[in-house]
Amino acid sequence: MSYVKPNEFVKTMVDAGESKLFMATRDVLIRAFMAGAILAIAVALAVTAAVQTGYPIVGALIFPVGFCILNLLGFDLLTGVFALVPLALFDKRPGANVNGLLKNWGLVALGNLAGALFSAVMIGITLTYAFTAEPTAVGKAFAKAAEARTLGFAEYGLAGWFTVFVKGILCNWMVSIGVVGAMYSKTVGGKVIAMWMPILIFFGLVFEHAVVNMYLFPLGMMMGAPITIGDWLFWNEIPVILGNIVGGLLLTGTVLYATHYKPGALRSAAAKIPSSEATSA
């Protein structure tokens, strides 16, 4: 795999966060649009496989193909920038600030949503003969999933909302590890393997991904799910985004930065070495 060690690829993470923070608005939107659109098509593939085989795990096994494609092409998901962009602020890179971070997150979210909606309409056309016929079995599966992952959680009130939030944390813990996975190999095959593993975990365990849901719920409503935009936002999208921020920023970005880029043990040891010894060493 031409493995890159953690203390080396975390430097790449910080550099990537900085580059995304200062990327031109046009490029942020284009890359986010394409990421949302490609990921959505991969969801359609996964649901189709699950319906055809009767085994949801089959869908989970093949879903990562979309994630690998969009990352190899250099496109950006909101879940990824949650983990990477803050590192430029942690490292006090010149010009990095909270306003820039929020702008980047907002633009990526907008681009991801536009791409997801684009694919939702395109896939919706294929599942209903341009919305002139009843949805296929795959279309009905989307409607069922959209209802279960909104109204199903709403039945439990605050506990349901909190459950979605936790699923969002777990999701982006795994997904952001997938983003990083592309950095700890120098070969395409190694990158794909490294990305595939955590994405399989997230999808197989049905955790909640903000961008996937930007596609799932609009398409589910097109397919007849008895939910509203308000149901989608309150009982899923909002807690999922909050959970994704926590999972990506704290459990991946911050942890790797703290222990591999700014390792405390090395800082403490360096502080104990007299300056003359440090110079001679």
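Tutor: Let's start with aspartate 15: at 28% relative accessibility, aspartate 15 counts as partly exposed. On that scale, buried is under 20% relative accessible area, exposed is over 50%, and partly exposed is in between, with a 1.4 Å probe and protein chains only. Before we go on, this is a predicted model, where local features need pLDDT of at least 70, side-chain atom pairs count only at pLDDT 80 or more, and totals for chains, interfaces and linings use all residues. Residues are numbered from 1 along each chain as its sequence is written, and side-chain values use heavy atoms, with hydrogens and water left out.

Student: Which residue forms a salt bridge with aspartate 15?

Tutor: The general idea first: a salt bridge here is a side-chain nitrogen of Lys or Arg within 4 Å of a carboxyl oxygen of Asp or Glu. Aspartate 15 pairs up with arginine 93, and their closest N and O atoms are 3.0 Å apart. Aspartate 15 sits in helix α1 (residues 6-21) and arginine 93 in the loop between α5 (78-90) and α6, so the pair ties together parts that are 78 residues apart in sequence. Helices are DSSP runs (H or I, at least four residues; strands are E, at least two), numbered from the N terminus.

Student: Is arginine 93 buried or exposed?

Tutor: Arginine 93 counts as buried, at 12% relative accessibility.

Student: And which other residues does arginine 93 bridge to?

Tutor: Glutamate 18 is one of them, with 2.5 Å from N to O. That pair also links distant parts of the chain, since glutamate 18 is in helix α1 and arginine 93 in the loop between α5 and α6, 75 residues apart. Glutamate 18 is partly exposed at 21% relative accessibility. Aspartate 91 is another partner of arginine 93, with the closest N and O atoms 2.8 Å apart, and aspartate 91 is buried, at 17% relative accessible area. Put together, salt bridges that share partners join Lys11, Asp15, Glu18, Asp91 and Arg93 into one network.

Student: How many salt bridges are there in the whole structure?

Tutor: A search of the whole structure turns up 7.

Student: Let's move to helices. At what angle do the axes of α2 and α4 cross?

Tutor: Two packed helices are described by the angle between their axes and the distance between the axes. Axes are lines fitted to C-alpha atoms, for helices over the stretch in contact, and angles run from 0 to 180 degrees between N-to-C directions. Here, helix α2 (residues 25-53) and helix α4 (residues 64-72) have axes that come within 8 Å and cross at roughly 160°. That makes α2 roughly antiparallel to α4. The cut-offs are under 35 degrees for roughly parallel, over 145 for roughly antiparallel, 65 to 115 for roughly perpendicular, and oblique for the rest.

Student: Is the crossing of α2 and α4 left-handed or right-handed?

Tutor: Right-handed. The rule is that the near helix is turned clockwise from the far one for right-handed, and anticlockwise by less than a right angle for left-handed.

Student: What about α9 and α12?

Tutor: The axes of helix α9 (residues 158-181) and α12 come within 6 Å and cross at roughly 45°, and α9 and α12 are therefore oblique to each other. Their crossing is right-handed. Proline 239 is in helix α12 (residues 229-261), and at 0% relative accessibility proline 239 is buried. Proline 239 and alanine 210 are 29 residues apart in sequence and 9.1 Å apart in space, C-alpha to C-alpha.

Student: Now phi angles. Where is tyrosine 129?

Tutor: Most residues other than glycine have a negative phi. Tyrosine 129, in the loop between α6 and α7 (137-148), has a positive phi of about 50° although it is not a glycine. Tyrosine 129 is exposed, with 65% relative accessible area. Valine 206 has a positive phi too, about 55°. You'll find valine 206 in the loop between α10 (188-204) and α11 (210-222), and valine 206 is partly exposed, at 40%.
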